[in-house]
Amino acid sequence: MQVDFEPETVGKRVARARKLRHLTQTGLAQAAQVSVSMVSQVEQGKRQAGPAVLAALARAFSVPVADLQGRPYLEELRRDQLDGLIQPIREALDLFDLGADPDVAPRPPADLVEHTERICRLIRASDLRAAAAELAGLISETTTAAHTTGDQRLWLALATQYRCGFDVASKLGFHDLGSIALDRMGWAADRASDAATATIRLYNRALAYLRAGQYRTGIRIAELARTTAAQADQGLVRDTVTGQVHLAAAVLAARAQHPEAVEGNIGEARRIADRTGEVTELMWLSFGPTNVAVHEVSCLIDQDMYRQALDIARTTGRPPGPHTITRRSPGRSCGPAAPTGRSAACSWLGSSRRSRPGTAPPCGRPWPASCESSRP
């Protein structure tokens, strides 16, 4: 008889780890440099622990973030179903250097490329179950086709499939498998001789370190990504991936409290965005002036610079939604006062992401730690 797996919440994991170490909530808060209220509310499930808070708690416990984070999609999948989706992907990733499989008869390259795009769309729509179910077979088929023909389109398609594997594995909590998928993506990008794809691989790797709270390493990877992007042919693709890398570097610098690096990277990204304009879904990235503004607000919030964040928000304009970022004029009856300071900046950021989903990278970017109570 099958028994559904009951997922353990992040709060319960935090509480269990704390008690195993004989720490009080106050002691944990001091070790993680977060408030006692934050620890209490996270443990009780009254407040979400975002990436920065999780990273701080994990460092205090000396455990990987994944130990606290768990696998968020287990609520919808029984353990046997999850293994049934992940194990074929793991096996397909291990075929990369075995050459063509004589038992596989691949479809024409155009069909494989179209199927790859379909899986990307499924992941963008958060339909991980459907994407994972199709991914392993497609990787196996494309691996054989690429080794047989040497067609650059197929190597690029295979790199994108590995990127999809990273997305699925990371979102399901299999971070070791995500790292393997990124390594395979770099391998395929080398065979395609495509610097832009290699850059996207490094960009995702930097974001993985951002989520883990290892900002210094993430910054170094972002620097390598910029160097790699410079090897791509001049044009919109290079500008887009370079601009997105600058935004990732800015967020890492903000979390590491390096304001000069934040300013420098945001400035470079803005100059590139002025040249590109709004770019949507180029190599499954979105970039442009709006994206730069959203990231700049996020970086300012991470540095507790709420007034400056509000200034940027006002300049950019208010996205559709119930929030406003201006104060009610004294003595005027025009409805309830709008939030100001941190809450106003976080509200604008949340409204922007809801109304302009393309302003965030495909895998999402960690929410500012200061905005956890306002997270959409």
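**Helix pairs and what lies around them**

A: H14 passes H15 in a left-handed crossing. This is a predicted model. H14 covers residues 259–276, and H15 covers residues 289–302. The two pack at an angle of about 165°, and their axes are 9 Å apart. An angle over 145 degrees counts as roughly antiparallel. H14 and H15 are therefore roughly antiparallel to each other.

Now look at the residues that meet. From H14 come Val262, Ile266, Ala269, Arg270 and Ala273. From H15 come Pro289, Val292, His295, Glu296 and Cys299. An α-helix has 3.6 residues a turn, so residues three or four places apart point the same way.

Next, turn to H12 and H13. H12 spans residues 215–229, and H13 spans residues 236–255. Their packing angle is about 165°, with axes 9 Å apart. H12 and H13 are therefore roughly antiparallel to each other. H12 also passes H13 in a left-handed crossing.

Here are the contacts for this pair. H12 brings Tyr215, Gly218, Ile219, Ala222, Ala225, Arg226 and Ala229. In H13 they meet Arg238, Val241, Thr242, Val245, His246, Ala249, Leu252, Ala253 and Arg255.

The largest nonpolar core has 88 residues. Leu57, Ile89, Tyr162 and Val168 touch the most other members. H13 gives the most to this core, with ten residues. Take Ile89 as one example. Beyond its neighbours within four places in sequence, Ile89 is in contact with Ala132, Leu135, Ala136, Val168 and Leu177.

Step back to the whole chain for a moment. The protein chain has 17 helices and two strands. Of its 376 residues, 50% are buried. Take the contacts between residues at least 6 apart in sequence: 66% of them join residues at least 24 apart.

H2 runs over residues 25–32, and its buried residues are Gly27, Leu28, Ala29 and Ala32. What covers them includes helix H1 (10–20), helix H3 (36–44) and helix H4 (51–61). After H2 comes Gln33, with a positive phi, near 60°.

Gly178 gives a view from inside another helix. Gly178 sits in helix H10, residues 175–192. Its relative accessibility is 1%, so Gly178 counts as buried. Leaving out residues up to four places away in sequence, Gly178 touches Phe166, Ala169 and Ser170. Gly178 and Arg163 are 15 residues apart along the chain, and their C-alpha atoms are 8.7 Å apart.

Glu141 belongs to helix H8, residues 128–149. Glu141 counts as buried because its relative accessibility is 12%. Its contacts outside four places in sequence are Val104, Ala105, Pro106, Arg107 and Leu112.

Pro102 lies in the loop between helix H6 (79–93) and helix H7 (109–124). Its relative accessibility is 78%, so Pro102 counts as exposed. Pro102 and Thr144 are 42 residues apart in sequence, yet their C-alpha atoms are 8.2 Å apart in space.

Finally, check a pair of cysteines. A disulfide is a covalent bond between the sulfur atoms of two cysteines. The cut-off here is 2.5 Å between the sulfurs. The closest cysteine sulfur to that of Cys120 is in Cys164, 3.5 Å away, so the two are too far apart for a bond. Cys164 is in no disulfide either. By this rule there are zero disulfides. Both cysteines lie inside. Cys120 is buried, with a relative accessible area of 7%. Cys164 counts as buried because its relative accessibility is 3%.

Terms used. Residues numbered from 1 in each chain as written. Predicted model: local features only at pLDDT ≥ 70, side-chain atom pairs only at ≥ 80, totals over all residues. Heavy atoms only, no water. Buried < 20%, exposed > 50% of the residue type's maximum accessible area, 1.4 Å probe, protein only. Core = buried A, V, L, I, M, F, W, Y, C linked by side-chain atoms within 4.5 Å. Helix = DSSP H or I, 4+ residues; strand = E, 2+ residues; numbered from the N terminus. Contact = heavy atoms within 4.5 Å. Axes fitted to C-alpha atoms, helices over the stretch in contact; angles between N-to-C directions. Parallel < 35°, antiparallel > 145°, perpendicular 65-115°, else oblique. Left-handed = near helix turned anticlockwise from the far one by under 90°.
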